[in-house]
Every structure is written in C-alpha cells, then in structure tokens.
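Here are my notes on this one, as promised. Have the viewer open while you go through them.

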Amino acid sequence: MPDWVKDRTVLVTAAGQGIGRATAIAFTAAGARVIATDINEAALAELTSETGIETRRLDVLDAADIAAAVAAVGPVDVLFNGAGFVHAGSILEMKEEDFEFAMDLNVRSMIRTIRAVLPTMIERGGGAIINMSSVASSIKGVPNRFAYSTTKAAVVGLTKSVAADYVGHGIRCNAICPGTVESPSLQDRMRAQGDYEAARAAFIARQPMGRLGSPEEIADLAVYLANATYTSGQAYAIDGGWTI
Ligand code: NAD
C-alpha cells in the first residue's frame, strides 16, 4: 500500500467525536499533519490534550469561516468531510426547515469546503477528498430517514461529479457509506427512542454481522482511500453486511 498520506496536510471536519475524531487520530498515526476541526471546542480541547493533534474551531455552515481556516492552515492535501446530521422521519413528517438544515449541513457544507481547497489542490497537481455519505442514500432505502438519505445520496452525486471533473488534475474524490456505527450521536438517537436497549437491539439486528461498526473501522477506510492512488468517484459501503 502506498503511504501517500505521510507528511501530507489533512483537514478533518467534525473531528470532535465519533468517526471524525477517529479519522483525525488514524491520519496522525499514518504520519500526516492533521488539522482537526469542529464547532465543539471542548471536544477539540480534549482531543488535543489526549493526542497532541492540532485543532481549530470550524463551522462548516459558514463559508467565511472555512476560507479563514484554509488560509490559516496552508495547502490541504486531504480533505475529510465528516460533518453530517441525522434527521429522523418520513417525507410527510419532515418540515421544510428540517430539509433546509439537512441540505446545509450534509451537502452544502461539503460543497463549501471542496470549493475552498480544490483550486490549491489543482495548482499543486493532486489531492484526495473523502466525503462521509451513508448506505442510507442512493444505495439503500431506510425507513424514517427521508431527509438524511436524500442528502446522503446527494453526497454520492457530488462526489462522482467532482471526481469526473478533476480526475485529470490528480484529484481523487470518494465517498464512504457506513452502516450503523457506534458514535455519540448514535447513542443520542438510541436514548431518544425511549427504550435504549430495544433501540440498540434493533440497530444491531439490521447489521448481518451482528454488531455495530466502530469509528476506527471507518477511519481505517478513510486512510486507505487517501492512499489509494488508483481510485476515484466511488462510494464505498462499509456496513456490517447490511447491503450484501
Ligand atoms: P457524530 O454525529 O457523533 O458527531 C458529529 C460531529 O459533527 C460533532 O462533533 C459535532 O459537533 C460536529 N458538527 C455538527 N455541526 C457542525 C458544524 N456546523 N460544523 C462543524 N462540525 C459540526 O458523528 P458520527 O455519528 O461519527 O458521524 C460522522 C459522519 O458519518 C456524519 O456525516 C454521519 O452522517 C456519517 N455516518 C454516521 C453513521 C453512524 O452510524 N454513526 C452511519 C453512516 C454515516
């Protein structure tokens, strides 16, 4: 496996917890310079004190904040777009503003960050972009996930589009599509259902491997994709067998 990421600069969004946090740690272990960002400053402070990883507050809803972050950190070789939010509910249960928010955080945020780093990647002759999608997207219909799945399908679309436009410039753009992964927000979703144990059992039951994924398993795929110099425009399912 090439170690393309060694000594590269990696910008990770939503690195305060869950998959983003594990990804920041995995890229650091792979020898990259990582800038871990999030809106949760307390979580970032904890990450720095535990690992020494460079952190920075960054709100991916704010284009000016993104521009300032990119100017401050210098050329980005790897962009990991981790930020995303699960809206629960069907098309009839969703409010217009829920959809607007889901589009803003799950899709437009990635458009903003990619537009901010891509010109410099092109100038420097290459770069890797990794976007967090989900199997709940264009891959699989999942009950009660209308806004989420619609926006995560858009992430697959934008990934392929960027890959197609810039493949000749050495840019690789791929999406990761996890099944159910043990993360703080998943814990919140299980608690919100009232009966935590029943909710947990239901989430596990939809994974044929009989367990939830770990953030570290997803992070390993992110590092693999940054190093994988012969793949672009793909949506990689990593889902405990959910879509077999
Ligand atoms: P999480 O939901 O537990 O944490 C999300 C992080 O995003 C938090 O640290 C939060 O502070 C940060 N964040 C929220 N709004 C932000 C903003 N405006 N700017 C910057 N950061 C912001 O993390 P997770 O569950 O590991 O999910 C990470 C990604 O993986 C998401 O895109 C999610 O949709 C996707 N995903 C997760 C699962 C899962 O089962 N956990 C499955 C498939 C896909």
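1. The side chain of Y148 has an N or O atom 2.8 Å from an oxygen atom of the ligand. Keep in mind throughout that this is a predicted model, with every value computed from it.

2. How much of the ligand does the protein bury? On its own the ligand exposes 830 Å², and 91% of that is buried by the protein. As for where the ligand sits, the space it takes is the largest pocket.

3. For D38, an N or O atom of the side chain is 2.6 Å from an oxygen atom of the ligand. For Q17, the corresponding distance to a ligand oxygen is 2.7 Å.

4. Now the shell as a whole. There are 28 residues around the ligand, and the ones that come nearest are Q17, D38, V181, S183 and S185. Sorted by class, the shell has 13 nonpolar, 12 polar and 3 charged residues. Which elements give two or more residues to it? They are α1 (18–29), α5 (146–166) and α6 (184–192).

5. Last, the salt bridges. A search of the whole structure turns up 10 of them. One that you can look up joins the side chains of D77 and R124, at 3.0 Å from N to O. This pair ties together distant parts of the chain, 47 residues apart: D77 is in the loop between α3 (63–73) and β4 (78–81), while R124 belongs to helix α4 (residues 96–124). As background, side chains of opposite charge can pair when their charged atoms come close.

Conventions:
Residues numbered from 1 in each chain as written. Predicted model: local features only at pLDDT ≥ 70, side-chain atom pairs only at ≥ 80, totals over all residues. Heavy atoms only, no water. Near = heavy atom within 4 Å. Polar contact = N/O pair within 3.5 Å; in protein donor to acceptor, adjacent residues only side chain to side chain. Areas by Shrake-Rupley, 256 points an atom, 1.4 Å probe, with all protein chains shown as cover. 1 Å grid on protein atoms, 1.4 Å probe; cavity = no way out; pocket = protein on both sides within 12 Å on 5 of 7 lines; lining within 4 Å. Sits in = over half its atoms within 2 Å of the grid points. Helix = DSSP H or I, 4+ residues; strand = E, 2+ residues; numbered from the N terminus. Nonpolar A, V, L, I, M, F, W, Y, C, P; charged D, E, K, R; others polar. Salt bridge = Lys/Arg side-chain N within 4 Å of Asp/Glu carboxyl O.
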